[in-house]
Amino acid sequence: MTAQHERSGVDAVLPAEAKDALKHLDLYARRTVDGFLYGLHQSRRIGVSTDFDHHALYVPGAPLKHVDWKMSARHEKLFVKRYREETALAVWLVVDRSASMLMQSGTSRTKYDCACRVAACLAYLSLKQRDSVGLALASDTGTAWLPIRGASTHLVRILEALVAKPAAGANRTEQAVRAILERGARRGLIVVISDFMEDPTALQARLAALGAMGHEVLLFHLRDETEEEFPFNRWVEFSDLENAAVRHRLDAVTLRNIYLEEYRALMDEWRAWAKKYNAHFVAARTDAAMETVLAEYLVRRGGGQG
């Protein structure tokens, strides 16, 4: 990939409009976290300084005790004060880079394109508020890792890694999550971005273990309209994106009800698991604007909603 093409890919994964949609939002931790200074999250530390750092727009549901009423009155908007004693959040972004993420219907983007946009937006938002971010791009062709870093320059490395290689190979999301578990990563937020089109048993067990260690888990489920609706009404040849040798010609009319029942049962299982283990499960179709979906979720999150 040439430098010009790489720059073009980076701009595509985090365009100006995505940054604009997120500029007044914060990614708050829902649990007490361990970490470095200067984040936006409740710290377990006592006796640290309370030096003012900056103002931010108030997010509905956030504590009112930090509202700067004088500044809010001058600008006719609610602003809150941010202080240096607040602690940083460690965010791990686990992106499914398997070939199934290449699924694309009509003019929609591929699921991997959307996963990259979600990861890029979350990395941008986290680093903007002085948190630390790590990245795992999961595939059996080789999982790419970027360690947890909090420097603003780390964003460029994350964006370049997202666009460096196309999605390929089989799903290795569970192995990437297991590696984070085995590394004993400090308490933080684990974000898994995937279509979750796999047997969920092993992945759910790893995520439950992370939750038991005090990590917060956010699942971002990407849905393609064809996968969700199965709009076929004739004989169709289906091929496995993760294994090109697997191809089947089937009567889609007969298959449709069976497929939709299985697909919906799988998604219902993930929602039920997330509710049981106090995780957040966010579903988005690839024909939606990812930054809008993410912004709407962050507003709900700030208000304490799932």
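Helices here are DSSP runs marked H or I of at least four residues, numbered from the N terminus. With that in hand, welcome to this predicted model. The protein chain holds 10 helices and 11 strands, and 51% of its 306 residues are buried. Of the contacts in the chain between residues at least 6 apart in sequence, 76% join residues at least 24 apart.

**Helix α4 on its own**

- Helix α4 has 18 residues and spans 26 Å from its first C-alpha to its last, close to the 26 Å expected at 1.5 Å a residue.
- Because 16 of its 18 residues are buried, α4 is largely enclosed by the rest of the structure.
- Just after α4 you will find R130, with a positive phi of about 70°.

**How α4 meets α5**

- The axes of α4 (residues 111-128) and α5 (residues 154-164) come within 10 Å and cross at roughly 175°.
- Angles over 145 degrees count as roughly antiparallel, so α4 is roughly antiparallel to α5.
- On the α4 side, the residues in contact are Y112, C116, A119, A120, A123, Y124 and L127.
- Their partners in α5 are H154, L155, I158, L159 and L162.
- Sorted by class, this contact of α4 with α5 has 11 nonpolar residues, one polar residue and no charged residues.

- A disulfide is a covalent bond between the sulfur atoms of two cysteines.
- How many disulfides does a search of the whole structure find? The search finds zero.
- C114 is in no disulfide, and the nearest cysteine sulfur, that of C116, is 9.3 Å away.
- C114 is buried, with a relative accessible area of 0%.
- C116 also counts as buried, at 4% relative accessibility.

**Positive phi values in two loops**

- E76 has a phi near 60°, a positive value in a residue other than glycine.
- Where is E76? E76 lies in the loop between α3 (69-75) and β3 (79-83).
- With a relative accessible area of 74%, E76 is exposed.
- N278 has a phi near 60°, again a positive value in a residue other than glycine.
- Look for N278 in the loop between α9 (252-276) and β11 (280-285).
- At 43% relative accessibility, N278 counts as partly exposed.

Conventions. Residues are numbered from 1 along each chain as its sequence is written. This is a predicted model: local features need pLDDT of at least 70, side-chain atom pairs count only at pLDDT 80 or more; totals for chains, interfaces and linings use all residues. Side-chain values use heavy atoms; hydrogens and water are left out. Axes are lines fitted to C-alpha atoms, for helices over the stretch in contact, and angles run from 0 to 180 degrees between N-to-C directions. Angles under 35 degrees count as roughly parallel, over 145 as roughly antiparallel, 65 to 115 as roughly perpendicular and the rest as oblique. Contact means heavy atoms within 4.5 Å. Ala, Val, Leu, Ile, Met, Phe, Trp, Tyr, Cys and Pro count as nonpolar, Asp, Glu, Lys and Arg as charged, and the others, Gly among them, as polar. The expected span of a helix is 1.5 Å times one less than its number of residues. Buried means under 20% relative accessible area, exposed over 50%, partly exposed in between (1.4 Å probe, protein chains only). A disulfide is a pair of cysteine sulfur atoms within 2.5 Å.
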